[in-house]
Amino acid sequence: METEKLYYNDGKLSAFTAAVLECREAKDGWDVVLDRTAFYPEGGGQPCDRGTLERLEVLDVQEQKGCILHRLEQPLLPGTEVRGQVDVARRFDYAQQHTADHILTGVIHRRYGLDNVGFHMGKESTFIDLNGILDESALFEMERVANEAVWMDLPVEASWPDDSTLARLDYRSKKALTGPVRIVTIPGIDVCACCGIHVEHTGAVGLIKILSVTRLRGGVRVEYAAGRRAYHYLDTVQQQNRMISAVLSARPLHTAEAVRRLLEERDAARKRCVALEQKRFEVLAQQQSGQGDTLLFEEELNADGVRRLADAVKETCGGTVLVFSGAEDTGYQYALAAQEGNLRPLGKALNEALNGRGGGREDTFLQGSVRADRTQIEAFWRSCQSGSGIE
Ligand SMILES: [Zn+2]
């Protein structure tokens with residue numbers, strides 16, 4: 001027997017009474033069938049309602065051939081009358097997201113002829129897949145048009161047209177439909193076959209905000225948030241911007257410009273730092289002139305600095321140079337360089353002795369890092385000098 005669907009007569013109905021017709025044992029609970037229900041079952045991309053039946057939590061709601069199954073942890077006695085309570089906040093949230101989908105897809109369909117071929121409502125945001133490419137500027141223009149439709153507070157009307165009316169009607173549909181078709185109309189914006197629950201007027205959607213646009217199989221996936229979700233999203237973004245604004249002493253609407261200036265200053269400071277480092281490396285290289293094999297420790301260099309210092313000293317020392325920079329607790333970066341010869345055997349011995357890793361494309365230049373302290377590094381160096389020597 002088909003369940004009477006109270007949610008289609010009154011989308012705001014939250015409390016109702018109904019008779020228990022049947023209670024079936026299911027895999028992880030009980031499926032209760034009522035003579036009528038205000039619980040919307042999962043369908044049309046919209047998640048099901050939640051709430052309670054006689055204080056028992058409704059865990060899931062599914063429709064099977066017109067019969068609506070309410071999943072409960074415990075059974076209800078057939079023949080009894082029960083009170084149902086729908087979680088209205090959850091219902092309203094999903095209705096806002098769903099109506100926003102019709103508005104956004106409707107304006108895109110009318111302007112560009114694209115169809116919505118995939119729809120997924122998540123906990124935080126909703127995704128629609130369009131079967132064609134639209135660039136971001138076109139989509140954000142459609143977002144503006146969609147919001148105009150929200151603020152016009154247009155009615156969202158559901159109807160079940162007869163076959164001849166339906167045959168004359170131009171409406172969006174994801175699949176070929178048989179039997180009675182429910183049509184949801186937003187005048188001037190969208191006509192669509194849909195079984196979902198909507199807000200009564202577009203104004204209740206509040207706001208539609210596109211969050212991201214990604215290319216997907218010859219089309220685009222548009223992620224958006226509507227209503228309360230859009231408010232929470234923008235609230236979070238504003239809090240972030242306020243923090244950036246305070247840290248950079250920039251007006252809230254000029255933070256991007258302030259960040260750009262900051263990055264320019266950073267780049268200039270980096271350039272100056274590299275130039276000063278290079279001068280020091282040249283001085284160090286002169287000090288090591290003709291010293292032969294050389295071990296150097298230099299403070300606070302990054303990997304590139306270690307490389308440049310090794311490059312500079314190898315030109316003057318007349319042997320192999322090994323440069324380290326770092327600290328006991330974080331480990332050391334190293335660079336090993338010479339003007340000629342093959343440093344790979346030495347690099348391998350170094351990595352083995354000092355718990356290191358690294359290598360290089362050239363036989364005369366190797367780079368890496370070690371997990372060892374300075375004493376161990378110096379001991380390794382001495383063993384190389386006194387033992388087999390540096391090859
Ligand atoms: Zn729909």
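In the predicted model, helix α2 covers residues 88-112. At the start of the helix, a side-chain oxygen of Asp87 comes to within 3.2 Å of the backbone nitrogen of Ala89. Just after α2, Gly113 adopts a positive phi of about 70 degrees.

Helix α2 also takes part in the largest nonpolar core, which has 34 residues. Within this core, the residues that touch the most other members are Ile103, Leu104, Ile108, Leu139, Val205, Ile208 and Tyr224. At least two core residues come from each of α2, β10 (116-121), β11 (126-130), α3 (136-151), β13 (183-186), β15 (208-216) and β16 (219-226). The greatest contribution is that of α2, with 7 residues. The surroundings of Tyr224 can be listed in detail. When neighbours within four places in sequence are left aside, Tyr224 is in contact with Gln97, Ala100, Asp101, Leu104, Phe119, Ser125, Thr126, Ile128, Ile208, Lys209, Ile210 and Leu211. Apart from this core lies another, made of 22 residues, including Val20, Val32, Leu53 and Val58.

A zinc ion has three protein donor atoms: NE2 of His98, NE2 of His102 and SG of Cys194. These donors lie 2.1 to 2.3 Å from the zinc ion. The spacing of the donor residues along the sequence is H-x3-H-x91-C.

Another helix, α7, is formed by residues 303-317. Its 15 residues reach 21 Å from the first C-alpha to the last, close to the 21 Å expected at 1.5 Å a residue. The buried residues of α7 are Gly305, Val306, Arg308, Leu309, Ala310, Ala312, Val313, Lys314, Thr316 and Cys317. The elements covering these buried residues include helix α6 (255-287) and the strands β17 (292-297), β18 (318-327), β19 (331-337) and β21 (365-370). Just after α7, Gly318 takes a positive phi of about 80 degrees.

Definitions and conventions
Residues are numbered from 1 along each chain as its sequence is written. Side-chain values use heavy atoms; hydrogens and water are left out. Helices (H or I, at least four residues) and strands (E, at least two) are DSSP runs, numbered from the N terminus. The expected span of a helix is 1.5 Å times one less than its number of residues. A polar contact is a pair of N or O atoms within 3.5 Å; within protein, one must be able to donate a hydrogen and the other to accept it, and residues adjacent in sequence count only if both atoms are side-chain atoms. A nonpolar core is a set of buried Ala, Val, Leu, Ile, Met, Phe, Trp, Tyr and Cys residues joined through side-chain atoms within 4.5 Å. Buried means under 20% relative accessible area, exposed over 50%, partly exposed in between (1.4 Å probe, protein chains only). Contact means heavy atoms within 4.5 Å. Donors are N, O and S atoms within 2.8 Å of the metal (3.2 Å for Na, K and Ca); water is not among the atoms, so sites may look incomplete.
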